[in-house]
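Below are my notes on the model, as numbered points. Please read them with the structure open.

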Amino acid sequence: MFAYMKFAAPCARHEDKDIVKVNKIKSFNKANWHKNKYYKVQCGETKCQGLIIFVEDSLEEAQAKICKTKRIIVLAKNRIEEADDTTTTDTDAGAIIKNKKDQSADIRTALHAKIKNISKSAGGNMREKEKLSSPKQLISTTTNESRKRNNLDSSSDKLAKKAKLTAASHANLEKELKGQKLHLLEKDGEIKRLTLLLEEATSLNNNLQHKVISYFNKFKATADKLDELKSRKGANTLPVGYIRKSNGTIHLGRDIWLSTEAYNSAVAKPRSLQIVVKNLALAVYGLKTLMESSVSRHVSNKYRNRAPKKKLDDRRMLAIQDIYRYWLVNEKKLPAIEVDIECRNVPHYISKKISDLNRDTDKTKGIVAIRKTVRKGRNRTAQSRVNEAEEEDVEVDEIKEEDVEEEDVEEEDVEEEDAVNGNMELII
């Protein structure tokens, strides 16, 4: 059931008059409810007071009755409060209107009586004046009275016309009010429908956003894998770490290939991460290229007078960086931040490898110079001994045998020097 109520105080949740479900009305009895009693209605977390105008079984019937009703009569506030305290029986609106008509009729009769008394007193005065006054005065008084009566009649006619006009305008206003009420009801239904659609769209939007956010990490991982497969050069190149079984080579990236044996030896049990980069640089560029080149082609402040060395191939260096990233991610399982930091240090590691090679070369050259000096001393000693043997008539054959031994020692020194150079090529 639904009740049409007039609320005592304004509220943002409802209008001054609105339709309410009866289950929200406190202490409501379908068989015994009063029009002159305030009822408490549950309105959100608070309660509002209001008067019940009428009750219908359905919402459509209540709305139709609102449109059909010309004017809804509500009792005065003081009477409502008395009715609220005493809980008297309900009075019909027709009876109230009848009482008002009776009161107005009584007022009219009282007014007519007063008017008659005033007219009688005025008539007596006029008669006395007629006895005392002249005929001219009587004629003037009669004309004045007739004028007054005519003025009263015209004013009463004007009032009657105004009353008719006000009644017609009131009827027109009531019709317009009914039409506006129907229009408002239609708009309320449209607003409720649009509100439901908006709530449904909002819930769907929230669900879609949650799904997109949940899939974001998967999209990112897929994009990272795709970038890794493209190998930073293009989609046509093979992925980094791809092994060709036909010739036993591995793809470092940037279309640079290396034998799997050299790659495995470069990354096999390194003492530190930078050793892997140094080993890969030695395998990719070669010993001679590294010793004769530099990473940035800049001359250090220590050797300003030296001519600048040629710069290493950037594509090979980026390929070393790609395979190094591949090894860190797939073999060492390092976090993404540490992988990025290590890849940025690849040029620094290669420059350190070049300086280490140049330093070892300088040491080797010093060792070879010392050995040559020792050989020269040995040759001089052998020559002096030959001269002494010729003077002392010693057999020259024995001295020659010693010279052969010295030559064998020199050959051993040369082999040792070659071995040192060979070891430099295999330095890791």
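1. Asp356 is partly exposed, at a relative accessible area of 24%. On the scale used here, buried means under 20% relative accessible area, exposed means over 50%, and partly exposed lies in between, with a 1.4 Å probe and protein chains only. Lys278, at 11% relative accessibility, counts as buried.

2. A word on the basis of these values. This is a predicted model, in which local features need pLDDT of at least 70 and side-chain atom pairs count only at pLDDT 80 or more, while totals for chains, interfaces and linings use all residues. Residues are numbered from 1 along each chain as its sequence is written, and side-chain values use heavy atoms, with hydrogens and water left out.

3. What do the side chains of Asp356 and Lys278 form? They meet in a salt bridge, at 3.5 Å from N to O. A salt bridge here is a side-chain nitrogen of Lys or Arg within 4 Å of a carboxyl oxygen of Asp or Glu. Asp356 belongs to helix α10 (residues 346-391) and Lys278 to helix α6, so the bridge ties together parts that are 78 residues apart in sequence. Helices (H or I, at least four residues) and strands (E, at least two) are DSSP runs, numbered from the N terminus.

4. The pair is part of a network of salt bridges that links Lys278, Asp356 and Arg359. Neighbours within four places in sequence aside, Lys278 is in contact with Tyr349, Lys352, Lys353 and Asp356. Contact means heavy atoms within 4.5 Å.

5. Helix α6 also packs against another helix. The axes of α5 (residues 260-267) and α6 (residues 273-285) come within 8 Å and cross at roughly 150°. That makes α5 roughly antiparallel to α6. The axes are lines fitted to C-alpha atoms, for helices over the stretch in contact, with angles running from 0 to 180 degrees between N-to-C directions. Angles over 145 degrees count as roughly antiparallel, under 35 as roughly parallel, 65 to 115 as roughly perpendicular and the rest as oblique.

6. Which residues make the contact of α5 with α6? From α5 they are Tyr263, Ala266 and Val267, and from α6 they are Val276, Asn279 and Leu280. By class, 5 are nonpolar, 1 is polar and none is charged. Nonpolar covers Ala, Val, Leu, Ile, Met, Phe, Trp, Tyr, Cys and Pro; charged covers Asp, Glu, Lys and Arg; the others, Gly among them, are polar.

7. A further salt bridge joins Asp322 and Arg254, whose closest N and O atoms are 3.0 Å apart. Asp322 sits in helix α8 (residues 314-332) and Arg254 in the loop between β6 (249-253) and β7 (256-259), so this pair links distant parts of the chain, 68 residues apart. Are these two residues buried or exposed? Asp322 counts as buried at 6% relative accessibility, and Arg254 counts as buried at 10%.

8. Asp314 and Lys311 also meet through their side chains in a salt bridge, at 3.7 Å from N to O. Here Asp314 is partly exposed, with a relative accessible area of 40%, and Lys311 counts as partly exposed at 44%.

9. Totals, for reference. The count comes to 9 salt bridges. The protein has 11 helices and 9 strands, and 23% of its 428 residues count as buried. Among contacts between residues at least 6 apart in sequence, 54% join residues at least 24 apart.
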